[in-house]
Structures are given as structure tokens and as C-alpha cells.
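Please look at the model shown here.

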Amino acid sequence: MIIAAAQFTARPCDIGANTARMAGFVTEAGEQGASLVVFGELAVTGYELEAVAADPGRLTLGPDDPRLAPVRDACRAAGVAAVVNCPGPGLTISSYVYGPDGALLAHYDKQHVTETELAAGFVAGKVDGRFVLDGVRFGLATCYDAHFPDLAERAAADKCRVLLASSLYGKGGGVAERMTVFPALAADNGLSVLLANHTGPAGPYDACGLSGVWGPDGAIVAEIGAAEGLVRAEIPLP
């Protein structure tokens with residue numbers, strides 16, 4: 001199975017433009033043989049906490065929101081699953097997993113929200129995210145979640161083989177975190193780990209890109225630099 005991370009510079013609060021980009025990446029992932037593509041944290045709106053909190057009626061989306069239809073339609077047309085992260089109703093930071101038929105496979109709300117996110121009014125989820133695709137069991141994480149080893153430990157104990165992290169890491173300290181956190185998650189738990197990051201301006205941050213995939217031994221399997229695009233890696237089927 002080939003899995004992919006898509007990184008791009010989201011337009012602040014422009015849901016239509018961002019979902020169009022995401023639909024294009026789903027199509028491209030299918031053309032490159034991928035079964036699954038993962039997007040960064042709050043990719044649908046950009047990492048615009050204050051704007052979302054100020055206008056949740058316009059900028060939060062449930063899994064059936066018609067504004068996400070371009071992505072669902074692209075999944076159906078390409079036969080590709082997608083992990084789509086956006087502000088959810090009630091101010092959650094939500095990952096919606098759409099299957100290759102465009103139907104919802106899983107819904108995960110970020111469990112470890114940051115102090116900045118809490119201050120903006122966002123709330124934490126309480127339930128681990130899981131789904132199965134082509135016989136492979138996946139776990140879900142969102143950015144800061146990856147800094148809490150128990151989340152990956154639970155995924156491994158629950159027979160997940162891959163952990164998918166929709167994230168936002170900036171330049172500077174974010175690069176160092178990316179270089180240490182994700183290899184350790186993989187090696188310590190025997191998981192393949194995928195990071196989908198932003199690149200370029202993202203709310204108050206300048207995102208570093210560097211999306212990638214690590215194998216169960218902690219070694220990097222594939223990575224991309226700071227450019228927009230896809231990074232793909234093959235993981236073994238059970």
C-alpha cells in the first residue's frame with residue numbers, strides 16, 4: 001500500500017480555495033498509485049484560530065458539510081481515501097477520514113490542544129481515532145498529540161500499524177521537534193508514522209514543510225522539503 005502526505009500553503013479562511021487544492025492532491029495521489037492521502041492541521045481553513053473562534057458559524061464544518069464535497073468527490077473519482085483536518089462544530093480540531101467511496105470512515109478530534117488553542121476557545125476530544133483500509137489498521141493524531149507517547153502506545157496496543165499525524169510545525173524549533181518526535185514514535189512503538197505538515201505562512205507561524213514517513217524502525221522512508229507537493233511511501237500489507 002502507498003500512503004501520501006500533501007503539504008501546501010493554505011489560504012486564510014478560504015475554504016473553497018483550500019478544498020479545491022486538496023481535491024487536486026487527492027487526484028494526483030491516485031495517479032501516483034496512493035491509496036490514502038493526509039493533509040495538515042486545519043488545512044481546510046488554514047491555522048486561523050482567532051478568525052475561526054470569532055465566526056464559528058461560517059468557519060466550522062461537520063463531516064457532511066457541502067463545502068467538503070470537492071474532496072469527497074475527488075476521493076470517489078480517484079478511489080483514494082483522505083484524512084481532512086478542519087475546525088469542527090463546537091470548536092474541535094477535527095480529522096474526517098473519507099474512504100475511497102467518499103463516505104466517512106472515521107472522525108477524530110484532537111485530544112491534546114495547546115494553551116494557545118484553549119485560549120482561543122478550542123476544546124479537546126476524548127476518543128482515539130481508528131480506521132481500517134485495505135486490511136491495515138490506522139491510528140490518528142493531530143500535531144501536539146504526537147508529543148504524548150501514550151497516544152501512540154495505545155495505537156500499537158490496538159493493533160494499528162500506522163499512525164497518521166496532521167500537523168503544523170514552524171521553522172526553527174519546529175524542525176528540531178519534527179526530527180526527534182516522529183522517529184521516536186515509530187521506533188518505540190513499531191509503527192510506521194506519517195507527518196503531513198503545512199509549508200509557508202500558517203496563521204502566526206512560518207511552516208517548515210518537511211512532511212515525511214518513518215518506518216517501524218524509526219528510519220526515514222520518504223520526505224519532502226519546503227515545496228508544495230506530495231510525498232509518498234509504501235507500507236507493507238499484512
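**Reading the sheet, a helix and the rings**

Q: How many bridges join strand 3 to strand 4?

A: In general, the strands of a sheet pair through backbone hydrogen bonds, in a parallel or an antiparallel manner. Here strand 3 (residues 81–88) and strand 4 (residues 92–98) run antiparallel and are joined by 7 bridges. Strands (E, at least two residues) and helices (H or I, at least four) are DSSP runs numbered from the N terminus, and two strands pair if DSSP finds at least two bridges between them. Valine 83 stands opposite valine 97 in strand 4. The model is predicted: local features need pLDDT of at least 70, side-chain atom pairs count only at pLDDT 80 or more, and totals for chains, interfaces and linings use all residues. Residues are numbered from 1 along each chain as its sequence is written, and side-chain values use heavy atoms, leaving out hydrogens and water.

Q: In what order do the strands form the open sheet?

A: The order is 5-4-3-2-1-14, with 6 strands and mixed pairing. Strand 5 (104–109) and strand 14 (229–234) each have a single partner strand, so one side of each lacks a neighbour in the sheet. On average, neighbouring strands of this sheet are turned by 20° against each other, direction ignored. For such angles, axes are lines fitted to C-alpha atoms, for helices over the stretch in contact, and angles between N-to-C directions run from 0 to 180 degrees.

Q: Which strands does helix 4 touch as it packs on the sheet?

A: Contact means heavy atoms within 4.5 Å. Helix 4 (residues 69–78) touches strand 3 and strand 4, and its direction makes about 170° with that of strand 3. In helix 4, Ala69, Val71, Arg72, Ala74 and Cys75 are buried (under 20% relative accessible area, with a 1.4 Å probe and protein chains only; over 50% is exposed, and in between is partly exposed). The cover over the buried residues of helix 4 includes helix 1, strand 3 and strand 4.

Q: How many aromatic pairs does a search of the whole structure find?

A: Rings of Phe, Tyr and Trp (its six-membered ring) pair if their centres lie within 6.5 Å; planes under 30 degrees apart count as stacked, over 60 as edge-to-face and the rest as tilted. The search finds 7 aromatic pairs. Phenylalanine 8 and phenylalanine 25 have ring centres 5.9 Å apart and planes at 40°, so this pair is tilted. Both phenylalanine 8 and phenylalanine 25 are buried. For phenylalanine 131 and phenylalanine 138, the centres are 4.9 Å apart and the planes at 10°, so the pair is stacked.
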